[in-house]
Amino acid sequence: MSRLQPVRGTHDILPEDGRRHRHVVETARELSERYGFAEISTPIFEFTDVFQRTLGETSDVVTKEMYTFQDRGGDEITLRPEYTAGIARAVISGGLSQQLPLRFFAHGPMFRYERPQKGRLRQFHQIDAEIIGVAGPQADIEVICLGAEILDNLGVLDRTELQINSLGDAESRHAYRDALVAYFGAHRDALSTESQQRLERNPLRILDSKDEGDRALVAEAPRMEDYLNEDSASFFSEVVAGLNALGVSYSQNPHLVRGLDYYSHTAFEFVTGELGAQGAVIAGGRYDGLIETMGGTPTPAVGWAGGIERLAMLATGAPEAPRPIALIPVGDTAQDAAMLLAYELRRAGFVVDFGYRGNVTRRMKRADRIGARAALLLGEDEIERGVITLRDLDSGEQQKLTRDALDAALNSLY
RNA sequence: GCGGGUGUAGCUCAGUUGGUUAGAGCACCAGAUUGUGGAUCUGGGGGCCGGGGGUUCAAAUCCCCUCACUCGCCCCA
């Protein structure tokens, strides 16, 4: 293996993959705009505090997955591992809380120091949607519905399942957490080693353990729904009712939890079985406490993130590369005229591939290989007679046209 | 961070119990066709056999280490 290899967990997005990525992003952008979301972009790095304080000191992302470094001025900087904290920071530092509610769409690279797997990279890309400043369940419904519609337009909705759960408000969540600690604490010895650690750090996580022994205990564990207070329960039932009203199908998963500390109330994931161990393609929830935690005024919010690589692997309908017109100068004397013609055609909106090298045979082969729709030959003959040879590469038909007639003839091919 | 699998040409892969100068298909380049693509034929360029060490008269092949990829665990998009 050559020394010139990309850093582990990173990869080049070559043109074919790039089209699929762009299809995901543009589909999401177009639909989110229809839902009233405005596109924003935030820096790919922030002060480390932005993530450390908000994601939870004990979360895996903070404890072992962040790309953190000191810059030349001595500031602690972290490449963003997720989008939400950066957007919340932008809302605060940009004074945007004067304009609530806000609906944001964003996309871009994220960085997590993890062991790479299928659908899991150290630099990956996400699309992201957030509604900031709406306390009611309408926002949860709207944001989930947007996710479902994006998946539908990408042709993956029927291969995913929407799972939802409620973590309740802070009061409910703490009460439930205490109940879980009491229950699992009494069975500590029966828990897997990993879950014993979870008991200390994040007891909710035990609920979605894959260990068989854990699952047996989980089946008898206290249920979240019994610990939701009245507000939390009615909030969740409104979300569910809203999804029903819109015909968004889902299943309730009482074991669905979120890894990051700032979530409350609604948690949801669109999951697929087609990506190995990585099930989630879009996942998110409500994070009413985040902006306050960061030092802003208390502001409710809900949103999700979707993995572009994961979506691109599943999506159908990415547009094919455009079929260019191959412009082939014949002989040295035609070079300048051909370059001018290419310029004019491009200005007129045509996709033009200029054949730089080789004899006519070679350039024709190239035109064929790149899928050109037509070839234009321009040589001494043509220049003397004031025409251009147009060859339809699908039918093989060939004709000589004046410059004035060329654009119309090309347009008729597409 | 932990466990399993795999590394031979740009890609997909052969390579016998260790034995001359490591092969095929596809792709690429050139020619047959000096102004005409797709098909065919002919020829050509391409390899530190992932890297390092060891065993041996001899290593792509056996052993050790390492790196990368990959699948899973953890966790997540």
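Guide: In β4, Ile77 is the bridge partner of Phe69. This is a predicted model, where local features need pLDDT of at least 70, side-chain atom pairs count only at pLDDT 80 or more, and totals for chains, interfaces and linings use all residues. Residues are numbered from 1 along each chain as its sequence is written, and side-chain values use heavy atoms, with hydrogens and water left out.

Visitor: What makes β3 and β4 a pair?

Guide: Strands (DSSP runs of E, at least two residues, numbered from the N terminus) pair if DSSP finds at least two bridges between them. β3 and β4 (residues 76–79) have four bridges, in the antiparallel sense, so they pair.

Visitor: Why are the rings of Tyr67 and Tyr113 called edge-to-face?

Guide: Rings of Phe, Tyr and Trp (its six-membered ring) pair if their centres lie within 6.5 Å; planes under 30 degrees apart count as stacked, over 60 as edge-to-face and the rest as tilted. Here the centres are 5.7 Å apart and the planes stand at 70 degrees, so the pair is edge-to-face.

Visitor: How do you know whether Tyr67 is buried, partly exposed or exposed?

Guide: Buried means under 20% relative accessible area, exposed over 50%, partly exposed in between (1.4 Å probe, protein chains only). Tyr67 has 24%, so Tyr67 counts as partly exposed. Phe184, at 0%, counts as buried.

Visitor: What makes Arg122 lie over the face of Tyr113?

Guide: The rule asks for NZ of Lys or CZ of Arg within 6 Å of the ring centre and within 35 degrees of the ring normal. Arg122 lies over that face, at 3.9 Å from the ring centre.

Key: Chains are lettered from A and ligands numbered from 1 in the order in which they are written.
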